[in-house]
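User: I would like a close look at one helix pair and its surroundings. Please keep to what the model shows.

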Amino acid sequence: MSEAPSTRIVIVGAGPAGIRAAAALVDAGLHPVVIDEGQRAGGQIYRRPPDGFVRTPEHLYGSEAAKARALHAVFDRLAADGRLTHCTGSSVIAVQAGRLHVLGEGGVQMIFYDRLILATGASDRVAPVPGWQSAGVYSLGAAQIALKAQGVALGRRIVLMGSGPLLSLVGAQLVKAGADVAAVLDTSPWDQQMRGLWKLAARPFVALRGLALRARLGGRYHAGVSLEKIEADGQGVTAMRWRDAGGRQRFTPCDTIGMGWHLRAETHLADLAGCAFTYDEQWRQWLPKTDRMGRAGNGVYLAGDGVRLLGADGAEIAGRLAAAACLADLGFPAPSNAADLRELARLERFAHGLACAFPWPAAMVRALPDAAIVCRCENVTAGEVRQSLDFGGGEANRVKSLSRVGMGRCQGRYCQLAAVELAAAHAGCTPDAVGRFRGQAPARPAPVDAFLRKG
């Protein structure tokens, strides 16, 4: 027996996972509410530029242009037909039982839900490098967003560093757009990358495409580097000091640096919604616990990179599965999900290969000098993080309260993983023993007057 049409289902996020979840719910005769921070659906991976932008989807998304077009068309059609409600430019800043606090242009309003699908995606996973607090240092994602949404390169001479598929992709995209990319510095050595090769064979075309991107970068790409320091003056970045795989010191003048080590699942809202978490040793981060369909309990479902770091294709599948789970729990006829579950397993093998080939640089983080900044929001150094353990022990939230690491505007999104690595090294334990920062509302910075205005 079907649930009454008054059931309110809210989806947070309009990327690949959110779009596919919304489409499945609409096909079942429901009218979901989709809340997204962007002005147009697509998420970060398929972010759309403003109207009148002259670059084509082929230039913006490369080989993924057809997928981007298809997703955009599906969502736009549903929105135009009034079959879903799309809340644009809106951030969910708090979750309570059955209600969301949503920050938009009119202030903060409450949106009630019976079922909640979180498709919050992921953001850059960054590691501190001495000097990274300087002006002119961005994440790889920020550099890509500026290129996609505004058609600009964030600098005249650019160095990219980190590891993972996004490093080569952003480098190749910038080069194709005519930007001056001086160097692409990968901390993962070639032999480490080869260790993940057999699992990467689960998606041979994608693996070959990654190699093609490396070839396009030519001599700009360097594997197995050691990052020493970002040089800067009063105006911002001036150069990058690093050592190549042979140990030779290198000095690359630049005015912009983009950095990132694959992705960090965006889990803040899942935490506020009461989801359980488990530490994933391979990804070296805490991820929400769900069943294979995305059920997290209490009427909450998770989909996409916010729960499994499987990329856009995996997010589309996870969105369909989460919607199917939600529909089944509401008493709707359940479609067969066997093919999607098999494909998800294949994508997981590939993702594990990526995690092996392009690991988080734990050793580099643990060796940070005491003077290096770990938390850019609060200007907390590695030495202050280590010192806090001598007073409060090796527990993440004690470290946070004593040192103020993770208490700034980003709420630990960019420093938590590094702070936990430092704490674990100093306490002589593993990162999972240190734990994770507890999520707190508001999940995004919100002006006080937003709570005074009627949403």
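At what angle do the axes of helix α10 and helix α11 cross, and within what distance do they come? Please go on from there to the residues around them.

Analyst: The model is a predicted one. In it, helix α10 spans residues 311-329 and helix α11 residues 338-357; their axes cross at roughly 145° and come within 10 Å. The crossing of α10 with α11 is left-handed.

On the α10 side the contact is made by Asp313, Gly314, Ile317, Arg320 and Leu321, and on the α11 side by Asp340, Leu341, Glu343, Leu344 and Leu347. By class, five of the residues in this contact are nonpolar, four are charged and one is polar.

Arginine 203 is placed in the loop between α7 (197-200) and α8 (204-217).

Helix α8 holds another arginine, at position 214. Arginine 214 has a relative accessibility of 12% and therefore counts as buried too. Residues up to four places away in sequence aside, arginine 214 is in contact with Ser168, Asp186, Trp190, Gln193, Tyr221 and Phe358. From serine 163 it is 51 residues away in sequence and 12 Å away in space, C-alpha to C-alpha.

Just after α13 comes glycine 393, with a positive phi of about 85°.

Some backbone details elsewhere can be set against a general rule. Most residues other than glycine have a negative phi, and most peptide bonds are trans. Glutamine 411, which is not a glycine, has a positive phi of about 55°; it is in the loop between α14 and α15. Arginine 284 also has a positive phi, near 50°, and lies in the loop between β18 (277-280) and β19 (285-288). At 19% relative accessibility, arginine 284 counts as buried, because the limit is under 20%. The peptide bond between alanine 441 and proline 442 is cis, with omega about 0°. Proline 442 is in the loop between α16 (431-434) and α17 (448-452).

Aromatic rings remain. The charged end of arginine 376 sits over the ring of tryptophan 132, 4.7 Å from its centre. Arginine 436 lies over the face of phenylalanine 277, 4.0 Å from the ring centre. Aromatic pairs number three. In the pair of tyrosine 46 and tyrosine 61, the ring centres are 5.9 Å apart and the planes stand at 90°, so this pair is edge-to-face. Tyrosine 46 is in the loop between β2 (33-35) and α2 (57-61), while tyrosine 61 is in helix α2, so the pair ties together parts 15 residues apart in sequence.

Terms used:
Residues numbered from 1 in each chain as written. Predicted model: local features only at pLDDT ≥ 70, side-chain atom pairs only at ≥ 80, totals over all residues. Heavy atoms only, no water. Phe/Tyr/Trp six-rings, centres within 6.5 Å; stacked < 30°, edge-to-face > 60°. Helix = DSSP H or I, 4+ residues; strand = E, 2+ residues; numbered from the N terminus. Lys NZ or Arg CZ within 6 Å of the ring centre and 35° of its normal. Axes fitted to C-alpha atoms, helices over the stretch in contact; angles between N-to-C directions. Left-handed = near helix turned anticlockwise from the far one by under 90°. Contact = heavy atoms within 4.5 Å. Nonpolar A, V, L, I, M, F, W, Y, C, P; charged D, E, K, R; others polar. Buried < 20%, exposed > 50% of the residue type's maximum accessible area, 1.4 Å probe, protein only.
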